[in-house]
Amino acid sequence: MDKHFALYLVFFTCYAGLLALSLAMDRHHAQVLRGKPGRSRRLALRLAGWGLLGLALWLCSLAWGWAIGPVAWFGLLSAAAFGLVFLLPYAPRFVPWLTVIGPLLALPPFFF
């Protein structure tokens, strides 16, 4: 796996996982999607969030091995959390779109 592509892929996977975990909370769900989540949606968002964070850890271990992978995962997780924390109050409607647009920006230019 290409290291640069893995870097972007893990970053946006961490971002999506943290976004799902934050949308499982009433306050952030109302801020972004205009309404409170139901019980089943809250559970689905929590499972998706933790699943995406686990997937990001596995992708890091594939790209850098188990010696460096968890360290890279924690660093990318921190960077994604930093971005989400500062983007959520100022552009709450843009926050979910970054999970769609971000991975497309990570693709190599020859795919376009």
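How many salt bridges does the structure hold? The structure holds 1 salt bridge (a side-chain nitrogen of Lys or Arg within 4 Å of a carboxyl oxygen of Asp or Glu), and this tour will take you there.

Before you start, note that this is a predicted model, in which local features need pLDDT of at least 70 and side-chain atom pairs count only at pLDDT 80 or more, while totals for chains, interfaces and linings use all residues. Residues are numbered from 1 along each chain as its sequence is written, and side-chain values use heavy atoms, with hydrogens and water left out.

**Stop 1: the salt bridge**

Select D26 and R42, whose side chains meet in the salt bridge at 2.5 Å, N to O. D26 belongs to helix α2 (residues 26–33) and R42 to helix α3, so the pair ties together parts that are 16 residues apart in sequence. Helices here are DSSP runs (H or I, at least four residues), numbered from the N terminus. Side chains of opposite charge can pair when their charged atoms come close. D26 counts as partly exposed, at 33% relative accessibility; the cut-offs are under 20% relative accessible area for buried, over 50% for exposed, and partly exposed in between (1.4 Å probe, protein chains only).

**Stop 2: a loop and a helix**

Now click on R34, in the loop between α2 and α3. Its phi is near 60°, a positive value in a residue other than glycine. Most residues other than glycine have a negative phi. R34 is exposed, with a relative accessible area of 57%.

Next, pick S40 in helix α3, which covers residues 39–87. S40 is exposed too, at 61% relative accessible area.

**Stop 3: the core**

Show V10, C14, L53 and W73, the residues with the most contacts inside the largest nonpolar core, which has 25 residues. Such a core is a set of buried Ala, Val, Leu, Ile, Met, Phe, Trp, Tyr and Cys residues joined through side-chain atoms within 4.5 Å. Helices α1 (3–23), α3 and α4 each supply at least two residues of this core, and the largest share, 11 residues, comes from α3.

**Stop 4: a patch on the surface**

Finally, select F94, W97, V100, I101, L104 and L105, which form a nonpolar patch on the surface. F94 sits in the loop between α3 and α4 (95–106) and is partly exposed, with a relative accessible area of 39%.

Definitions and conventions
Patch = residues over 30% accessible without salt bridge, like charges linked within 9 Å, V, L, I, M, F, W, Y side chains within 5 Å. Areas by Shrake-Rupley, 256 points an atom, 1.4 Å probe, with all protein chains shown as cover.
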